[in-house]
Amino acid sequence: MESRFGFKDFVLFAMIVGIGLMVFLVIWQRDRQFTQLRSISDQLSQQSTALASLNRTLERGLVVSAPTASAQAAQASPSGRDESWARPGVPVTWPEPWGPANDPRDEPDFAMGGTLTEIFEGVPRKLTPFTLNEVYINRIVQEVICESLAMFASDTLDYHGWLAEAWQYDPNGLWLRVKIHDDARFSDGQPVTAEDVRFTYMDYIHNPEIEAQEFVAQTENVQDVVVVSEKVCDFLFKDAAFDNLYAALRFSILPKHYYSQFTPSQLNQSTGLAMGSGPYRFEITPSPANQWAPGQPVVLVRNENYWRDPPFVDRHRYTFIQDNVARLTAFDNGDGDIMRSTPNQTALKLSDPEWLEGHTARAWPNMRSGYAIVAFNCGERNGRPTPFSDKRVRLGMTHLIDRDRVNRDFYEGLGEVATGPFPPGQGDDSIEAWPYDVERAVELFAEAGWIDRDGDGFLDNERGDRFTFEFIYTTGSSIGPRLSRYMSDQCERVGIEVTIRVVDWSMLESIRDARDFDTLIQAWSWTSPESDVYQLFHSSQIENQGDNWIQYTNTEADALMERGKREVDANVRKQIWADLHRALHEDQPYMFMMQLPWLRFTSNRVKNIHEYPVGINKMEMYIPLENQR
Amino acid sequence: MTAYIIRRLLLVIPTLIGISFLVFMLIALSPGGIGAAVRAQAGAQSTSSLGLQEAYLEDRYGLDDPVIVQYLRWLARISPMKFGTPDQIDPTGAVVRAPKTLDLPPLAGLWYAEGAVPGDLAPPDDIEIGETDEEKNLTYRAAANEYARERIAYIGASVEVEQALRSYAIANGMRHALEADNDLKLDVFKREGFDPAFPEYAEIVSAGTLSLEALQRARQSRAHLQAVFDARPYPRATWTILGIPLRLGPVHLATPDFGVSFSTSRPVVDLLAERLPVTLLLNLVAFPIIYVIAVPMGMLAAIRQGTWIDTLGGALVVALWSVPVVWAGVLALVFLASNQNLGLFPVSGLQDPDSSAMTILPFFNGEGVWQRGAVLDVFWHVALPVSCLVYTGFAILAKQTRAAMLDNFNADYVRTAKAKGVASRDIVFRHVFRNSLLPLITIFATLFPAMLSGSVVVESIFSIDGMGKLVLESINQRDRELLLANVLLVGGVNLLGLLIADILYALADPRISYE
């Protein structure tokens, strides 16, 4: 009898494998317990360090009330605060400290604690600060884990002090002296110093070995950061520019003692080395061996060492669901409290009273939303001027498109017809959008020389060329297909021939570089309350592959952009932007289609959610006790 | 047999080189070229220093070299056999290479600075890099950082030269010296020569002089870095056996380097290591299910040929096969995962957000409440995606099994066995089924690589970050290194799958032999 592998052998084999597997799992479980133990001992050691430093301070003795008349009094400013650190002769700005615009702490159901979950529509590829310019890094790292020197007030969009207590801005816009708050400290208890600021800008962002290229571009006007004293540093700018304050104040300050222990290649290859002074932190301080990696949810816990009032919610959690249906299903299941919705979903849910009892659908424009445009090539394409090089043709096109209808049909009426490239409040908000008026459009085309001369139903110019153009949108554009069809219908009504072309993103890039297009659809989003349009519209940006790929030239607008860019006084600038807004409105280098609002669904489990010009402020939300789980 | 296997394995190498060459060229020739999407991302930021960013990216990934050179460089990196100076490995495990060389700024020595173009500097030989590993590390890091700063300053300066040349060309009617996207055609510039009378020429000279000064500084720091590198601050990356490096003259063996992904600047290997287990998990659960259900179904249909079992089973698997996964996935989400309906399964992901706090094994906690633990949690999460992966797979396998079994049932040897009085059970399992295995092996050989490539649709619907999405992203981003590594992986596994199938043929059918 030959020996073969029988049923009994199989059972034996399966049992051995099963036992081995169980042993492995048990070992794994023990391992995980050790990890948790380590995190506890990590926290314990941090706390004992903090306690020791407290003890030392107590031993040295505390000054309960400051000596009244001394050298300080001589330096005291009209505001009654110590300004001995400041440069003489330049007024000091003492901004309001950043905090909740609506303080909920007096609400009857206010409670600390709970977990706030936000569902994002894409997975962040990295959470190490400045290594990628992605909306997720910016939202999680720059606003929750790390702090910048100042922050926009949620409601007024003024700079409020965050790490910075005060600053002095050179009236000529060439330097900025910043005084860091004395109490500011990182989540491991180390104080935030001027050296950390210098490190962040000069040794981290501007270090060519670290992949922070896009942030180098945003802060390129910062020439140097000079440490004046432990808490005071000077920013030196290459030249006066209106966004110098943004470049200096709005970037996260990183702890030098933490980041300098890694090599540039470790930082480039890392996925979650995020540590800072913000209200939340990773439970275990990340290290190259133990850091968040894409595919896992991001869980942040309250930074118990936080140097200001502790935030209200215990934990911030971020999960990532790309698919629209799945995201809404998860949200409805209660797996999340905040999510971004689509126009369709918003319209659908706004008419569902049952859903609205437990949730809120929000739509509002703010400084981080954006606008959709149809870009006209205002110059030459392949050596010949496009029809849109004539301003009247561009204006005619704008009159030809019923933008209210586009809003109604494509954006569910949630958008707003745009008049210019500026976020609400920056330009002249009194400008009326051009109306939908086909007759006026035909008139404008005729003024520009486009008349149906040969009676074939199409407009021609004097040379007998037919009015024809190409409309480009990118693959994946949600409204591209429908908008292009609507546009070509409208154009054919008045005798203009439209061909539609779909390209992918990288193709679009080379098309724009070569200025090889007639019209294309595009959306821009804003990142700050004041948007700089110099790159988009200034004539110097046409040549040399600049970003004015629509080849728009207008000397009057050029002058306004140059003045606006250099103007340091915000009030003067406001008037310049308003004039520029009007000039661009008259010229229509883009057909400004739609201001796109932010769309958010929020769960009513979470209280004190407000729609601000800055977006939403997660730091002021709280979860009443009965809603915590 | 062994000789056959070795021969087949050796054939894998040229095949893979061919595949990678094709893919490499396809990306290079696609509109926008390699890394275009990376540049597009940078462009969306709308900054005035776009030109510098582009130059930086090109410099970092060597995109400004001819495509063939880039391909050969890539091949050299992924080959375990290397030539020239061995790389070194720093304490964090990163590969440290000899410093990159510096090119001259455009038209240097021709249009400006004639005869004054400085040559390469020899590395100083009296270099002190310190005694301890820590000191050596610090010395190297400082030198590398200094060279990186000088190099980027020089690249910035040579971008200025390009800008000046462009302005010159535009102002002086030399548009034909520019590509459609405004890149310079240097040979046209060289051919046509310059006219110092034009005011734009002075700009070229001043930008050129500045860039040559920057070049000189960069060369100094490069020479310094080269000297530090030559002093071997770190151990070499060469493989060793018992402490003896595998090195013969300029040839040595070292770990292949699949490079860094353009879009995330993370090592490609890390990205694959992140995604591969996810896809493997899904497929390792899905494939046994497909086989365990489809093969017996096909056998049953063959034994009961023509009965209602055959008809109904056949209709069912074909019906399932024709349901699109996109639709089925969304239905599963809405009906099985949404709390408004059944709400039996989780909506997304592979584990509960809190699973890191769970125990690994299931147990009843103190109050006697069932805790599912992290392992069962994963199975609960993959239930819906796996269902979507398996239901389309039944049809092909079941129908193939049925057809193969029927063929054999009609064979002479079955009639003989029946006549001999062999039990029908033994006929089915020991004779017919064994002989019907060949087509099943063929199917396995094609399915096996598919296990690694993942399913884009299922992964997107259920928010699972597997190989399918990774490949799609790498194509969309024109992420060359990532895409090539994927192609190599899937291609290699494909070839291995075919080889394994051939070996299995020989095992299943004694008539096949490769001697």
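# Reading a two-chain model, feature by feature

Reader: Among contacts in chain B between residues at least 6 apart in sequence, what share joins residues at least 24 apart?

Author: A contact means heavy atoms within 4.5 Å. In chain B, 72% of the contacts between residues at least 6 apart in sequence join residues at least 24 apart. For chain A, the corresponding share is 71%.

Reader: Before we go on, what should I know about the model and its numbering?

Author: This is a predicted model, where local features need pLDDT of at least 70 and side-chain atom pairs count only at pLDDT 80 or more, while totals for chains, interfaces and linings use all residues. Residues are numbered from 1 along each chain as its sequence is written, chains are lettered from A and ligands numbered from 1 in the order in which they are written, and side-chain values use heavy atoms, leaving out hydrogens and water.

Reader: How many helices and strands are there in chain B?

Author: Helices (H or I, at least four residues) and strands (E, at least two) are DSSP runs, numbered from the N terminus. Chain B has 18 helices and nine strands. Its radius of gyration (taken over C-alpha atoms) is 31 Å, well over the 24 Å that the globule rule gives for 515 residues, so chain B is more spread out than a compact globule. That rule is 2.2 Å times the number of residues to the power 0.38.

Reader: What percentage of the residues of chain A count as buried?

Author: Buried means under 20% relative accessible area, exposed over 50%, and partly exposed in between (1.4 Å probe, protein chains only). Of the 629 residues of chain A, 55% are buried; of the 515 residues of chain B, 45% are. Beyond its neighbours within four places in sequence, A:Q588 touches A:F376, A:R394, A:L395, A:T398 and A:W434.

Reader: Where is B:S474 found?

Author: Look in helix 17 (residues 467-476) of chain B. B:S474 counts as buried, with 1% relative accessibility. Leaving aside neighbours within four places in sequence, B:S474 is in contact with B:D479, B:L482, B:L483 and B:N486.

Reader: How many salt bridges are there over all chains?

Author: A salt bridge is a side-chain nitrogen of Lys or Arg within 4 Å of a carboxyl oxygen of Asp or Glu. Over all chains the count comes to 49. One of them joins A:E530 and A:R573 (2.8 Å, N to O). A:E530 sits in the loop between strand 19 (519-525) and helix 17 (534-537) of chain A, and A:R573 in helix 19 (residues 570-587), 43 residues apart. A:E530 is partly exposed at 25% relative accessibility, whereas A:R573 is buried at 5%.

Reader: Which residue forms a salt bridge with B:D310?

Author: That is B:R402, with the closest N and O atoms 2.8 Å apart. B:D310 lies in helix 9 (residues 308-321) and B:R402 in helix 12 (residues 394-409) of chain B, so the pair ties together parts that are 92 residues apart in sequence. At 9% relative accessibility, B:D310 is buried. There is also a network of salt bridges linking A:E195, A:R198, A:D203, A:K256 and B:R149.

Reader: Which residues form a nonpolar patch on the surface?

Author: Such a patch is made of residues with over 30% relative accessible area and no salt bridge, with nonpolar side chains (Val, Leu, Ile, Met, Phe, Trp, Tyr) joined within 5 Å and, for charged patches, like charges within 9 Å. Here A:F7, A:F10, A:V11 and A:M15 form one, with about 440 Å² of accessible area together (Shrake-Rupley method, 1.4 Å probe; for residues, only the protein chains shown count as cover). A:F10 is in helix 1 (residues 7-60) of chain A and is partly exposed, at 46% relative accessible area.
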